[in-house]
Amino acid sequence: MIYSKEVENMCTVKCGASHGCAPIPEEGKWVYSREIKDISGLTHGVGWCAPQQGACKLSLNVKDGIIEEALVETLGCSGMTHSAAMASEALVGKTLLEALNTDLVCDAINTAMRELFLQIVYGRTQSAFSEGGLTIGAGLEDLGKGTRSMVGTCYATKLKGPRYLELTEGYITRLALDAENEIIGYEYVNLGKFIDRVKKGENADEALKAETKNYGRFAEAAKYIDPRKE
């Protein structure tokens, strides 16, 4: 340790009482976190890249300082999907501190990791008051039965108005418009369930028909349009 001359010439003054760190809530108990292994919890965070072209939602399940489960969801940049694949391999098995300093390739994923680190070490996890925390595999439940991210893609212009392209329910195939050309419903395909049916050997046309459903006042429409072509 090297001290400056000014510090060396100072007289010694005893430090007063130190009560240590404050406890943080972790999985239903209060924990005095002094080391990385003292940290546990499941939480989510969002990151963005420098040009803000893409975003990443990252979910981590941490037990005793080790990342046991990771869910990486990306949006808006084709290169990020490959970065997500690499990050899903690179994150699990690492301590929080290692993960924070791991090259996760994409700015958005790195930023998401930073945001999650802050939440986790300050006791702001979603499982903070859940006794015993959440099981490994809880992150996968975010994807639902179709094992697909919940994505919403809508496009609009002042001249031609809005187009719903994909919503949580699935891929939008038709928009239902009333007599005044306002959207009153839509038809969609649950792509996850559709693919599952096809993988089991079901005829593609029959599978598509089975997983094509509608929402809103779809049956009352004055007309229907394909949001990608009309």
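A: A nonpolar core here is a set of buried Ala, Val, Leu, Ile, Met, Phe, Trp, Tyr and Cys residues joined through side-chain atoms within 4.5 Å. Buried means under 20% relative accessible area. The model is a predicted one.

Start with the core itself. The largest nonpolar core has 25 residues. Those that touch the most other members are Cys56, Leu58, Leu60, Leu91, Leu96, Ile109 and Met113. Five elements are listed as giving it two or more residues: β4 (55-63), β5 (66-75), α2 (78-91), α3 (96-100) and α4 (107-121). The largest share comes from α4, with 7 residues. In soluble globular proteins, nonpolar side chains tend to be buried together.

Now α4. Its buried residues are Ala108, Ile109, Thr111, Ala112, Met113, Leu116, Phe117 and Ile120. An α-helix has 3.6 residues a turn, so residues three or four places apart point the same way. The cover over the buried residues of α4 includes β1 (24-26), β3 (41-48), β4, β5, α2 and α3. The length of α4 agrees with expectation: at 1.5 Å a residue, its 15 residues should span 21 Å, and its end C-alpha atoms are 21 Å apart. After α4 comes Gly123, with a positive phi near 75 degrees.

Cys56 is buried, with a relative accessible area of 1%. Beyond residues up to four places away in sequence, Cys56 touches Gly45, Val46, Gly47, Val72, Glu73, Thr74, Met80, Ala108, Ile109 and Ala112. Three of these, Ala108, Ile109 and Ala112, are also among the buried residues of α4.

The structure holds 0 disulfides. Cys56 is in none; the nearest cysteine sulfur, that of Cys106, is 6.9 Å away. The cut-off for a disulfide is 2.5 Å between the sulfur atoms. Another core lies apart from it, with 7 residues, among them Ile172, Tyr186, Tyr188 and Ile225. Ala207 gives a further point of reference. Ala207 sits in helix α6 (residues 204-210) and is buried, with a relative accessible area of 0%. Leaving aside neighbours within four places in sequence, Ala207 is in contact with Phe194, Arg197, Val198 and Glu202. Ala207 and Leu96 are 111 residues apart in sequence, and their C-alpha atoms are 43 Å apart in space.

Last, the whole chain. The chain has 6 helices and 11 strands. Its radius of gyration is 25 Å, well over the 17 Å that the globule rule gives for 230 residues, so the chain is more spread out than a compact globule. The C-alpha atoms fill a box of roughly 85 × 40 × 30 Å along the principal axes. Buried residues make up 36% of the 230 residues. Of the contacts between residues at least 6 apart in sequence, 51% join residues at least 24 apart. The accessible surface comes to about 14,600 Å², and 54% of this belongs to carbon and sulfur atoms.

Conventions: Residues numbered from 1 in each chain as written. Predicted model: local features only at pLDDT ≥ 70, side-chain atom pairs only at ≥ 80, totals over all residues. Heavy atoms only, no water. Buried < 20%, exposed > 50% of the residue type's maximum accessible area, 1.4 Å probe, protein only. Helix = DSSP H or I, 4+ residues; strand = E, 2+ residues; numbered from the N terminus. Contact = heavy atoms within 4.5 Å. Rg over C-alpha atoms; globule rule 2.2 N^0.38 Å. Areas by Shrake-Rupley, 256 points an atom, 1.4 Å probe, with all protein chains shown as cover. Expected span 1.5 Å × (residues − 1).
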